Amino acid sequence: IGRLRDSRDNYASGILHDAGYATLLVSMLTPYEESRDPDLRYDVTLLGNRLNALLTWLDQQPDLTGLPLGLLATGTVVAAGIRHLVREPDRISALVSRAGRPDLAGGDPLRRLSVPILLQVPGAAQDLLKPSQQAYAHLSGNKQWHEISNASAGFIEPGALESITREASDWFLQHLPARPPPPATEDTPPA
């Protein structure tokens with residue numbers, strides 16, 4: 001299952017890369033952690049701390065300075081992302097929840113979220129559908145709902161993953177600010 005998930009995530013990352021986005025594919029838990037304690041994937045605080053560490057690392061990469069950030073997340077990482085964005089709304093400019101668990105962020109963070117969010121919800125995954133509907137009802141900012149009827153949580157149906165990843169790419173195109181031009185240097189004439 002891990003290799004299948006990795007290959008599907010790599011495929012989605014490739015679609016975003018082909019659309020012109022720099023991508024960073026990260027698992028918030030180690031394979032050891034996942035096998036030792038499967039409930040860790042529901043630890044929103046732990047995932048939030050790891051997301052914060054990742055964003056801090058990104059801030060320290062000179063080649064990435066000034067790039068607008070979008071977050072495409074799955075599972076409980078969506079809830080961790082929402083909580084983080086409520087505390088630091090200027091850090092990430094757009095959020096895509098791919099079969100995520102925004103409901104686990106809690107009602108107050110959902111109501112306070114100001115970052116544009118796209119919820120991509122698999123219609124055949126009843127365990128995700130109702131909680132996602134409830135979370136969506138709490139969101140008061142820029143939001144969009146896309147239920148993919150007959151799709152499973154992994155979007156394994158033919159064409160489903162490609163379709164939702166292209167939709168995520170369009171969401172980022174619409175909501176990420178343009179990258180500011182590099183500062184002029186003595187060798188570069190001003191535009």
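Tryptophan 145 is partly exposed, with 24% of relative accessible area (buried means under 20%, exposed over 50% and partly exposed in between, with a 1.4 Å probe and protein chains only). The model is predicted, so local features need pLDDT of at least 70 and side-chain atom pairs count only at pLDDT 80 or more, while totals for chains, interfaces and linings use all residues. Residues are numbered from 1 along each chain as its sequence is written, and side-chain values use heavy atoms, with hydrogens and water left out.

Back to the rings. The whole structure turns up 2 aromatic pairs (rings of Phe, Tyr and Trp, the last by its six-membered ring, pair if their centres lie within 6.5 Å; planes under 30 degrees apart are stacked, over 60 edge-to-face and the rest tilted). Tyrosine 21 comes from the loop between helix H1 (2–18) and helix H2 (31–36), and phenylalanine 172 from helix H7 (residues 160–175), so the pair ties together parts that are 151 residues apart in sequence. Helices (H or I, at least four residues) and strands (E, at least two) are DSSP runs, numbered from the N terminus. Both tyrosine 21 and phenylalanine 172 are buried. The rings of tyrosine 136 and tryptophan 145 have centres 5.4 Å apart and planes at 65 degrees, so they too are edge-to-face. Tyrosine 136 also has lysine 143 over its face, 4.3 Å from the ring centre (this needs NZ of Lys or CZ of Arg within 6 Å of the centre and within 35 degrees of the ring normal).

Next come the strands. S1 and S2 run parallel and are joined by 5 bridges (strands pair if DSSP finds at least two bridges between them). Leucine 72, for instance, has valine 96 in S2 as its bridge partner. Together, S1, H4 and S2 make a right-handed β-α-β unit; right-handed means that, with the strands pointing away from the viewer, the path from the first strand over the helix to the second runs clockwise. S3 and strand S4 (residues 143–148) are also paired in the parallel sense, over 6 bridges. Here the chain goes from S3 through helix H6 (residues 126–138) to S4, in a right-handed β-α-β crossover.

Beyond its neighbours within four places in sequence, serine 97 is in contact (heavy atoms within 4.5 Å) with residues including Ala73, Val78 and Leu119.

Two backbone angles deserve a look. Most residues other than glycine have a negative phi. Alanine 99, however, has a positive phi, near 55 degrees; this residue lies in strand S2 and counts as buried at 12% relative accessibility. Phenylalanine 155, in the loop between S4 and H7, also has a positive phi, near 50 degrees, and is buried at 1%.
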